[in-house]
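Subject: Handing over the two-chain model

Hi there,

Here is the structure I promised you. Have a look at it first, and then read on for what I found.

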Amino acid sequence: MSSADSTEIVKTDDSSLTSDLDKSLSDSISKKFSNVEIAYVKPDRIRVNVKKEEIIAVASFIRDELHFDHAESVGGVDYPEDKQIEVVYHLGSYTDPSLSKHILALATRAPREDVPRPGNDSTILPSLRDIFPSVSFHERECFEMLGVYFDGHPDNRRLLLPEDWADIPPLRKDFRIKGR
Amino acid sequence: MSSHVYPKEKEIFPGLQLEKVDDRIMTLNVGPQHPGSGHMRIILKVDGDYIVHCDPDPGYVHRGEEKMAEYRNYITNIPHLERPVIHDSCNILYPYCLGVEELLGLEVPERAKYLRVIAAELNRCVYTQYWLAIYGIFLGHSTMFMWPMGDRELVIDLLDKMTGARVTHAYFVPGGVRNDLPPNFEDVCLRQVNYFEKRLKEYADIFYDNPILISRTKDTGILSREDAIKLGTTGSVLRASGVDFDIRKKEPYDVYEELDFQTNVLKEGDSYARSKIPWLDMFESCRIIRDALKKMPKSGSVRVKLKPNPKGGDTEVYRRVESGRGSLGMHIISRGKPQPYRLKISVGSFRNLIAMPHLLTGEMLGNMPAVYWSLNYWPVEADR
């Protein structure tokens, strides 16, 4: 099973399927914040990339004006070649019936250090816990798995890993599983 | 709480510290070897009979599913991804398969979509029966342990016929399902599901209308509608607090749009409502299965053939389904390799964890099992 056998299937462009609501949501964000990058608008899925200085303002706007009220998932992604770690908040809405299908991905990036010292290095992001209380356990998980310290989170403790874990955060790409 | 914040000078290891002893407040460890708790610890601080502080401590069954997924290709990821919740394995593979299909641009055959819905609903019943059995024994009701465990066998038997395995089915694959139905399955399925539904009705007499259960669960651990939304809870916890949100209705995947069922919503938000919603959902599952058996194409392909080592493009997807414990989402990032670059699994159990300190603080210690297990929490799934 060599890699030459495999085929890469290119996804067809689905921009024609996006609804007016998708467009109006992304337009209202880009109108309000000029530095925000709308990464894509797919049917029911929007992704917004923001700088970490702006994330509190954008998240407050998304909650108060666009009515997204809870976080579905918060996941960190390591990009060693960019020397950055990205945190993606997937936000959804229970209160607004027109938004129940929609997921808004709000992504921001923190600097990454080659020798991580979780909590004591420059990999720090502002916590969204005051805006979306539902992120509190997710951010704790992100802290131990990727070493992103959330400034303003009162509870940056270990969650899933053993208490005496003394290795680097395991979801970083330079942490290798034995034998793989 | 501030003394627990990491980083801290006096820590021996991160998260491990010495605590001052208080004469009045007692620290109580529930778990991790509690027979019902399922390898999960809750650190309670009690003042007399009342819980004054609750700190859930998951992670005893953390397997690193997300890390493992980065080393395996899209097909070999299937068997290990169902491990977090083996008795709801179809529902945990569902968002993965939907996501990979979106990445690879696969069109699933019509018959496979129906087979998936049937398998997912049968699996939901298996999970809920298991959960209900443990809820029964938590409250000291041994009959309610025996009955769901016994009736669960009916459904497991069906899944065994369908997939070849009792619990770890690995039945869903990107592009359809692994195999077609055995001959005569429809009749057997209809007969067993009808009998199963008849048995479910009897649970009302012994459990849900039982004054002992009602006195133990009514008005304990009330989660208001506002808090349920604010804390981002999901599934039965959310629907018991009066929020009408079921992904099968709100964002229908596969053929749920064409099937006849309703969402169960209760307004009370107490442990009784939370324990009742999954039971009511099982009746809807039976309805869905019967409807799907009727509407399913009688023949046709059940799987599209994949090239070896399929690669996704340079993109990402987020797909979610309604599992037995609420929304189950998967965020798959692909960077043109046969393996996902990153797979984030967002599970209902982990999202409902935040409601635990919220509800248990201020509650009486004796109500702890009734509130804890009503959150429809599965420790292994939350740890991944």
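In chain B, take the contacts between residues at least 6 apart in sequence: 70% of these join residues at least 24 apart. Please keep in mind that this is a predicted model. Of the 384 residues of chain B, 64% count as buried. The C-alpha trace of chain B spans about 70 × 55 × 35 Å along its principal axes. Carbon and sulfur atoms hold 53% of the accessible surface of chain B, which comes to about 13,900 Å². As for secondary structure, chain B has 15 helices and eight strands.

Now to a sheet in chain B. Three strands form an open sheet in the order β6-β7-β8 (chain B), and the pairing is antiparallel. The edges are taken by β6 (316–323) and β8 (342–346) of chain B; each has a single partner strand, so one side of each is left without a neighbour in the sheet. On average, neighbouring strands here are turned by 15° against each other, direction ignored. Five bridges pair strand β7 (residues 326–333) of chain B with β8(B) in the antiparallel sense, and Ile333(B) has Arg342(B) in β8(B) as its bridge partner. Helix α3 (residues 89–104) of chain B packs on this sheet and touches β6, β7 and β8 of chain B. The direction of that helix makes about 150° with that of β6(B).

Arg124(B) sits in helix α4 (residues 110–138) of chain B. Is Arg124(B) buried or exposed? Its relative accessible area is 3%, so Arg124(B) is buried, the cut-off being under 20%. The side chain of Arg124(B) reaches the backbone oxygen of Ser323(B) at 3.2 Å. Leaving aside neighbours within four places in sequence, the contacts of Arg124(B) include Asp88(B), Arg248(B), Tyr256(B), Glu322(B) and Ser323(B).

The other residue is Asp47(B), in strand β2 (residues 41–47) of chain B. Asp47(B) counts as partly exposed, at 23% relative accessibility. Its side chain makes a polar contact with the side chain of Arg24(B), at 3.1 Å. Not counting residues up to four places away in sequence, Asp47(B) touches Arg24(B), Ile25(B) and Val52(B). Asp23(B) lies 24 residues from Asp47(B) along the chain, and their C-alpha atoms are separated by 9.9 Å.

Chain A brings another sheet. This one is open, with five strands in the order β1-β2-β5-β4-β3 (chain A) and mixed pairing. At its edges stand β1 (37–42) and β3 (70–79) of chain A, each with a single partner strand, so one side of each has no neighbour in the sheet. Neighbouring strands are turned by 20° against each other on average, direction ignored. Strands β4 (residues 84–92) and β5 (residues 103–111) of chain A run antiparallel and are joined by eight bridges; Ile85(A) stands opposite Ala110(A) in β5(A). Helix α1 (residues 20–32) of chain A packs on the sheet, where it touches β1, β2 (45–50) and β5 of chain A. Its direction makes about 175° with that of β1(A). Helix α3 (residues 136–146) of chain A lies across β3 and β4 of chain A, and runs at about 10° to β3(A).

Terms used
Residues are numbered from 1 along each chain as its sequence is written. Chains are lettered from A and ligands numbered from 1 in the order in which they are written. This is a predicted model: local features need pLDDT of at least 70, side-chain atom pairs count only at pLDDT 80 or more; totals for chains, interfaces and linings use all residues. Side-chain values use heavy atoms; hydrogens and water are left out. Helices (H or I, at least four residues) and strands (E, at least two) are DSSP runs, numbered from the N terminus. Buried means under 20% relative accessible area, exposed over 50%, partly exposed in between (1.4 Å probe, protein chains only). A polar contact is a pair of N or O atoms within 3.5 Å; within protein, one must be able to donate a hydrogen and the other to accept it, and residues adjacent in sequence count only if both atoms are side-chain atoms. Contact means heavy atoms within 4.5 Å. Two strands pair if DSSP finds at least two bridges between them. Axes are lines fitted to C-alpha atoms, for helices over the stretch in contact, and angles run from 0 to 180 degrees between N-to-C directions. Accessible areas come from the Shrake-Rupley method with a 1.4 Å probe; for residues, only the protein chains shown count as cover.
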